[in-house]
Amino acid sequence: MAFLSIQHATKTFAQSSAVEDFNLEIEKGELVSFLGPSGCGKTTTLRMVAGFEVPTSGRIELDGVNITSRAPNQRNVGMVFQAYALFPNMTVADNVGFGLKVGKKRKDEIQKRTAEMLGLIRMPQLGDRYPYQLSGGQQQRVALARALAIQPQVLLLDEPLSALDAKIRVDLRSEIRRIQQTLGITTIYVTHDQEEALSISDRIVVMSAGRMEQVGTPFEIYNFPKTAFVASFVGTLNQLRCTVLDAGQGKLSFDGQTFTATAPIRAANGASVVAALRPEELHFGKYDGENQLTGKVEAVTFLGGIVRVRMVLGQSQITLDALNERKLTLPKVGDMQMVSFPPHACWVMAEN
Amino acid sequence: MAPSAVPAPRVKRPTSGLRAWLGVVPFFLFAILFLILPSIKLFVGAFADNEGQFTFKNILQLFTEPSILNAYWLSIRISAVTAIGGGIFGFLLAYSVTIGGLPKALRTMLITFSGVASNFAGVPLAFAFVATLGRTGFVTALLKDVFHFSIYDTGFSLYSFAGLSFTYMYFQFPLMVLIMAPALDGLKREWREAAENLGASRTQYWLRVALPVLLPSILGSMILLFGNAFGAYATAYALTGGALPIVTIQIGAQIRGDVLHNPGLGYAMAMGMVFIMAVSLAGYSWLQGRTERWLR
Amino acid sequence: MSTQASSGPASNERSRAARIFTRRAFPLWSWLWFILGALYFILPLYATLDFSLRMERDTIGLKAYAEAFADPGFARTFGYSVFLAVVTILVSILLVVPTAYWIRLRLPEARRIVEFITLLPFVIPAIILVFGMIRIYSSPVNLPFTDIRLLAPLTTSKFGTNVLIVAGYIVLGLPYMYRSVDTGMRTVDVRTLTEAAQSLGANWLTIMARVVLPNVRTALLSGALLTFAIVVGEVVLASYLGLPTFGPYLFLLGQHRAYEPAALTFTTFLLTWAAMGIIQLVTGGQGQVAGAH
C-alpha cells in the first residue's frame with residue numbers, strides 16, 4: 001500500500017472547481033512534483049494534504065490513517081511556504097525549534113535537534129541571527145530546517161524557490177533534493193518551473209485547470225507526453241500539421257515533403273494530424289535511415305551551450321537545437337539547410 | 001523657488017551645493033518664524049528669572065511647587081488611563097474587523113468613522129457628551145426612567161476625572177484603530193499556517209508569534225495615545241471649564257494672566273510639557289522602527 | 001477566540017465543526033467588541049441629534065437648526081473660519097508641494113530635517129504654540145543683538161493677528177499635509193515622471209503644472225479636507241489670539257443657549273463626516289488622523 005494516498009480529491013469554490021478528481025499514490029521516500037501553470041490547482045491540492053483546505057469530496061490517507069478532515073496542527077506534515085514565513089520575532093534557532101517547543105519536548109532534546117538541523121542545512125553558526133538579517137536563500141533553508149525538525153512523515157514545499165534569484169534557485173534545489181534523499185522523507189514539491197521539476201523529481205504530476213494531465217517519471221513526461229498540453233508545457237516542442245499517407249507504416253506528408261514518424265499512427269489515411277518533434281532530436285546534414293527535410297534559416301540564437309536555429313518549412317516553423325562546439329560554423333540567416341531526424345523521434349499527438 | 005525662465009533643466013545630478021538648498025528656503029523660513037522661534041522663546045524664557053538673568057530656579061520649581069506637581073500628575077494620570085484603556089479597546093476593535101472575521105463593509109465603516117471621530121474632538125465633543133451623560137443627558141435619563149438607576153447618585157459626574165477620561169476615549173479609540181488595523185493586516189497568513197503546521201494551537205500562535213510581533217506596534221501606539229491626551233486642551237476646557245487643573249489648562253490660565261506671578265515658571269511649565277511630548281514621540285518612533293525592521 | 005483541537009479520529013468531526021463555528025460562521029467576540037464600540041460612538045451623536053430636535057416643546061422639529069443658522073453671529077464666524085481655512089490650504093499647498101518635490105528630486109539630504117520639522121507639531125500642541133507666538137510677536141522683532149527692526153508687533157494689528165493664526169493653522173496641519181503629499185509623490189514616482197518629461201523636452205513650469213500637480217491631486221484633496229476640518233473646529237489659537245472664528249463662537253453659544261449649540265454640534269459632525277467620506281472615497285481606504293484638541 002502506498003504511503004500517502006490521495007483518492008478522488010475534489011475542491012470546489014463557489015461556482016468553479018479548483019481541483020477535480022485528483023488521484024495519486026505516493027511511495028515512502030519518493031519526491032513527487034506537481035507541475036503546472038498558475039491556477040492549475042497544484043497549490044490547492046498541496047494545501048489539502050496540509051490541512052489548510054478541506055476537500056469537498058475525496059479522501060487522503062497517510063500511512064493507512066484517514067487524515068482528510070484532521071486539523072492542520074494534528075497531521076505531522078512539514079510545510080515550506082513560498083514566502084518563507086519565518087517568525088520575525090524569533091532567532092533562527094528558535095524558529096527551527098518552534099515545532100518541538102510546541103510539542104513540549106525537553107530542552108536538551110530541542111537543542112540537540114536544532115543543532116542537527118542547522119548542520120543539515122549547512123548553517124550551523126547562524127542560530128542567533130534574526131530572519132531580517134538573512135538573505136532570501138538562507139531564510140528558505142531555515143524554513144526547510146524548521147519543517148524537518150519535527151520529523152514529519154511528509155514534507156510539502158509550495159513553490160519554495162519562486163521568490164529567489166536564478167542562480168540561488170539552481171543551487172538550492174539540488175540542496176533540497178540532497179537533504180530529501182539523505183533523510184528518505186516522502187515529499188511533494190509544487191512548482192511552475194519545469195526545469196526544477198525535471199531535475200529533482202522521482203515522478204511528476206502535470207496539472208492543468210484543476211485536472212491531472214499526466215503522471216510519470218521526468219523521462220516519461222518529457223519524451224512520451226500523453227497530451228498536447230504536457231508536450232508543449234514541458235520543454236520546447238515542434239508541431240507540424242501533416243497529412244497521413246500510410247498509417248500502418250507511419251508515413252506523413254508535409255509541405256510536399258514526406259517523412260516517417262513512430263508507427264503505427266492512430267488515425268485514418270488522409271487525416272490531418274499534428275506531428276511532434278523535440279528540437280534537440282534534429283540535426284543538420286544527411287544521415288542514413290533518417291528523415292530529411294529542407295527549409296530556410298530564419299533566425300539563429302546563440303544561447304551559450306545550445307545554438308537554437310529557427311527555420312521555415314513551407315507554412316510552418318521548426319526549431320532546431322544543436323549543442324555548441326568551438327569548431328561550429330553558425331548557419332547564416334537566409335540559407336537553405338537540410339535537417340534530419342530519426343523516425344522514432346517524431347510522434348503523432350492525440351487531438352484534444 | 002519660482003519656476004521662472006529656466007529652460008529645459010539638466011538631467012538629475014546629486015546637486016547638494018548651496019543652490020540646491022535654496023529650494024527649501026521658504027519652508028525653513030516659515031518653520032523658523034512660526035515654529036522654531038516660538039519654541040526657542042519659551043525655552044529661553046524658562047531659564048530666565050524676573051531680572052532676565054540665567055537661572056535653573058524655574059525648572060526646579062516645577063518639581064517643588066505643589067500646584068504644578070498636581071497638574072502634571074493629573075495630566076499624566078488621565079493620559080495613562082486613556083492610553084491604556086483606549087489602547088486595549090482600540091486594539092480589540094481593530095482586531096474584530098481585521099482578523100476577527102467581521103464583514104469587510106464593517107471594516108470600511110469603522111475606518112472612515114475613526115477618521116471622523118478623531119477630528120470631532122474639542123468643543124463639539126464636549127457638547128455631545130453633555131447631551132449624553134450630563135445631568136439631563138440622554139443616557140442618564142434613559143437609565144433613570146427605564147432601569148431606575150441614577151448614575152449621578154453614585155457620585156459619578158461627567159465633569160470629573162472619570163467623565164473626562166470617558167470622553168477622551170472618543171478620539172483615543174479611533175487613533176488606536178487607525179494605527180493597529182494596518183499592523184494587524186501585516187500579520188502574514190503564512191505565519192499562522194506555519195505555526196499550525198508545526199503543531200501550535202491558536203492560543204499558542206497568538207502567545208508565541210502574533211502578540212510578540214505586534215507588541216512594538218501596540219506599545220508605540222499607546223505611547224502616542226498618551227502624548228495625544230497629554231496635549232489636549234479644548235475638550236477639557238469645554239467640558240469642565242477649567243475645574244480639572246491639568247497642565248494644558250494651567251498653561252492657558254498663565255497665558256491669559258500671569259497667575260503664577262512668574263513668567264519664567266510659565267515657560268518652564270510649557271517646556272516640561274514639550275519634554276514629555278518629545279519623549280513620548282521618541283518612544284513611539286523607536287518602537288515603530290523596531291516593527292518595521294521585523295516586518296521587512 | 002481559540003479552540004484547542006483535540007486528538008483522535010473520533011473528535012475530528014467535532015473539532016472541525018468547532019473550528020468553523022468560531023472562525024468563520026460566527027465570530028462571537030468580534031461582534032461583541034464591534035457592537036460595544038458602535039454603541040459608544042453612536043450614542044453621543046444620537047443624543048445630540050435628539051436634543052437638537054426638541055427645541056419646540058413636545059414636538060420634533062428643526063427649529064433649533066433654523067435659529068442657529070439664522071443667527072448673524074453664525075454666518076459671520078463660520079464664514080470667517082471658512083475664509084481662514086481656504087487661505088491656510090492655499091498657502092499650505094504653495095509651501096508644501098514644491099518643498100516635498102524639491103526634496104525628492106534634488107535634495108534628499110534635507111529629508112530627515114524636514115520630516116523632523118513636520119513632526120514638531122505633535123510635540124508642540126496648539127496651546128504651547130500660541131503661547132510662544134504671542135510672547136514673541138507682541139513685541140517688535142529685531143535682528144538678534146541689534147536694534148534693527150524687522151517686524152512690527154503682529155499681535156497689535158488685525159492683519160498681523162490674522163497672519164499669525166493662518167501660520168498657526170498651517171503648522172497644525174503640516175504633518176498631515178506634508179505626509180499626504182510626500183506619500184502621493186512616492187506612489188506616482190514623481191522622479192521617474194519628471195525624468196520622462198525632461199527627456200521629452202519639458203521645462204520646470206510645465207512639469208510642475210502638468211505632471212506633478214495633477215498626479216498629487218488626490219493627496220492634495222486629502223490634506224486640504226483634513227486642514228479644513230482642523231481649522232473650522234479649532235478653538236485654542238482663535239480664542240487666545242482673540243479672533244472671532246467659529247470655534248469660540250460655538251463655545252460661547254454653549255454658555256448661553258441649549259438647543260442651538262446641539263444643532264450646530266450635529267452639523268459639525270455631518271460636515272466632518274462628509275469631509276472624511278470624500279477623503280476615503282478619493283484615497284480608497286487610507287484613514288487620516290488628526291490628534292486631540
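Predicted model: local features only at pLDDT ≥ 70, side-chain atom pairs only at ≥ 80, totals over all residues.
In helix H6 of chain B, the buried residues are Val123(B), Pro124(B), Leu125(B), Ala126(B), Phe127(B), Ala128(B), Phe129(B), Val130(B), Ala131(B), Thr132(B) and Leu133(B).

Now let's look at where chain B meets chain C. This contact draws 81 residues from chain B and 86 residues from chain C. Which helix of chain B gives the largest share of the side that touches chain C? That is helix H2 (residues 25-46) of chain B, with 11 residues. What kinds of residues make up the side of chain B that touches chain C? There are 55 nonpolar residues, 23 polar ones and three charged ones.

Next, zoom in on one pair of helices from the two chains. Helix H5 (residues 104-119) of chain B packs with helix H13 (residues 259-283) of chain C at an angle of about 140°, and their axes are 9 Å apart. H5(B) and H13(C) are therefore oblique to each other. Their crossing is right-handed.

Which residues meet here? From H5(B) come Thr112(B), Gly115(B), Val116(B) and Asn119(B), and from H13(C) come Thr272(C), Trp273(C), Met276(C), Gly277(C), Ile279(C) and Gln280(C). In this contact of H5(B) with H13(C), four residues are nonpolar, six are polar and none is charged.

Methods. Residues numbered from 1 in each chain as written. Chains lettered and ligands numbered in written order. Contact = placed C-beta atoms within 7 Å. Helix = DSSP H or I, 4+ residues; strand = E, 2+ residues; numbered from the N terminus. Nonpolar A, V, L, I, M, F, W, Y, C, P; charged D, E, K, R; others polar. Buried ≥ 20, exposed ≤ 12 C-beta atoms within 10 Å, placed from the backbone. Axes fitted to C-alpha atoms, helices over the stretch in contact; angles between N-to-C directions. Parallel < 35°, antiparallel > 145°, perpendicular 65-115°, else oblique. Left-handed = near helix turned anticlockwise from the far one by under 90°.
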